[in-house]
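The following exercises ask the reader to study a protein model step by step. Each task is followed by a worked solution.

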Amino acid sequence: MQRRDDPVSASDWCRAQLVAGRKLGFVPTMGALHEGHLSLVRRARAECGLVAVSVFVNPLQFNEARDFERYPRDFDGDARLLADAGCDLVFTGTLEQFFPESGGARDRIAWREPGASAEGLEGALRPGHFRGVATIVARLFELVRPTRAYFGEKDFQQTLVVRQVARELGYPTIVVCPTLREPSGLARSSRNELLSAEQRERAVAIHRGLLRSRALWREDGERRADALRAPIREELALAHLELEYAELRDPDDWTSAEPVAPLERAVALVAARAGSVRLIDNLRLDESSS
Ligand code: AMP
């Protein structure tokens, strides 16, 4: 596996693969890798043959300094996991290296506006977050020029933002992969490392609530957003998790506010805090997957 500490030399390697006519899969990450990330790497490898992974805790997408500072980092550990998963290139860099034209100064960065799918939910609670995501993802795509790029459904709204970036650039093909969960049902996340054993147990309530909502959709034929979100809120309250939102959306027609009319398709989305650790999750109610 190639390991590069600067984006330009990583970009050179990627360019050489494309010139040689190879397909390249790309998985952008913020590191502290777990099985969820590795499932994306394996899928990219199976579909493209070659895989590049970026590990960069992107300061542009953090709206809380404390969240950024304590975000787990372990580049050497990540590199070992990636080598075992069959990754061909891992690279990282500094903000200055990714945006040399700005000298790392935020006010000189050419920000990319994320569009309507950034409105509501994560976009409302984390001002500027999706602007930071769209900006780094576009820059990473320009550097890697991947054939396909792989993202997790766990960050549902992010997949909409990223699809928009890819539409604007004209590449790459975006592949959205299912959420990997711990045996308890808790969605795997780098932030889970920050949970105490007791908080981790309480956090399972998020998935329990989502499953109850899906049962309402499937078994009772419930289609009203307010009724579908009720069991999620109940489970979070029982587990003493602090609710940020539990809402329904039509996954194919994103709206900043929750639809009032009965839903034809539905994804339930949750953000909650266990102590100071912020967790998000979601579940398609209208599909048999995950
Ligand atoms: P992150 O390092 O959190 O920015 O995540 C990098 C990529 O991995 C994103 O596309 C995430 O959606 C994806 N990802 C994170 N957690 C999971 C998970 N539990 N299952 C599948 N994909 C995930």
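A residue is called buried when its relative accessible area is under 20%, exposed when that value is over 50%, and partly exposed in between. The model examined here is a predicted one.

**Exercise 1. A salt bridge and its two partners**

Task: Determine which residue forms a salt bridge with Glu182, and classify Glu182 as buried or exposed.

Solution. 
Step 1. The partner of Glu182 is Arg200, and the closest N and O atoms are 2.8 Å apart.
Step 2. Glu182 belongs to the loop between β6 (173–177) and α9 (197–219), whereas Arg200 belongs to helix α9. The pair links distant parts of the chain, 18 residues apart.
Step 3. The relative accessible area of Glu182 is 15%, so this residue is buried. Arg200 has a relative accessibility of 29% and therefore counts as partly exposed.

**Exercise 2. The two domains**

Task: State how the protein is divided into domains, and describe the contact between domain 1 and domain 2.

Solution. 
Step 1. Domain 1 covers residues 2–177 and domain 2 covers residues 190–284. Their C-alpha centres lie 26 Å apart.
Step 2. Domain 1 brings 25 residues to the contact, and domain 2 brings 21 residues.
Step 3. About 2,000 Å² is buried between domain 1 and domain 2, with carbon and sulfur atoms giving 55% of this area. Of the area that domain 1 buries against domain 2, 32% is supplied by Arg70, Leu121 and Phe156, more than by any other three residues.
Step 4. Eleven residue pairs are in polar contact across the interface of domain 1 and domain 2. On the side of domain 1 that touches domain 2, the elements giving two or more residues are α3 (65–70), α6 (122–125) and α8 (156–169). That side has nine nonpolar, six polar and ten charged residues.

**Exercise 3. Salt bridges between the domains**

Task: Find how many salt bridges the count gives between domain 1 and domain 2, and explain what the pair Arg278 and Glu122 ties together.

Solution. 
Step 1. The count between domain 1 and domain 2 is three salt bridges, while a search of the whole structure finds 28.
Step 2. The side chains of Arg278 and Glu122 form a salt bridge, with N to O at 2.9 Å. Because Arg278 lies in strand β9 (residues 277–284) and Glu122 in helix α6, the pair ties together parts that are 156 residues apart in sequence.
Step 3. Arg278 has 14% relative accessibility and so counts as buried. Glu122, at 5%, also counts as buried.
Step 4. Another salt bridge joins Arg273 to Glu64, with the closest N and O atoms 3.0 Å apart.
Step 5. Both pairs can now be placed in a wider picture. A network of salt bridges links Glu64, Glu122, Glu244, Arg273 and Arg278.

Note on methods: Residues numbered from 1 in each chain as written. Predicted model: local features only at pLDDT ≥ 70, side-chain atom pairs only at ≥ 80, totals over all residues. Heavy atoms only, no water. Domains from an automatic or database assignment. Contact = heavy atoms within 4.5 Å. Buried area = accessible area lost by both parts, 1.4 Å probe. Salt bridge = Lys/Arg side-chain N within 4 Å of Asp/Glu carboxyl O. Polar contact = N/O pair within 3.5 Å; in protein donor to acceptor, adjacent residues only side chain to side chain. Helix = DSSP H or I, 4+ residues; strand = E, 2+ residues; numbered from the N terminus. Nonpolar A, V, L, I, M, F, W, Y, C, P; charged D, E, K, R; others polar. Buried < 20%, exposed > 50% of the residue type's maximum accessible area, 1.4 Å probe, protein only.
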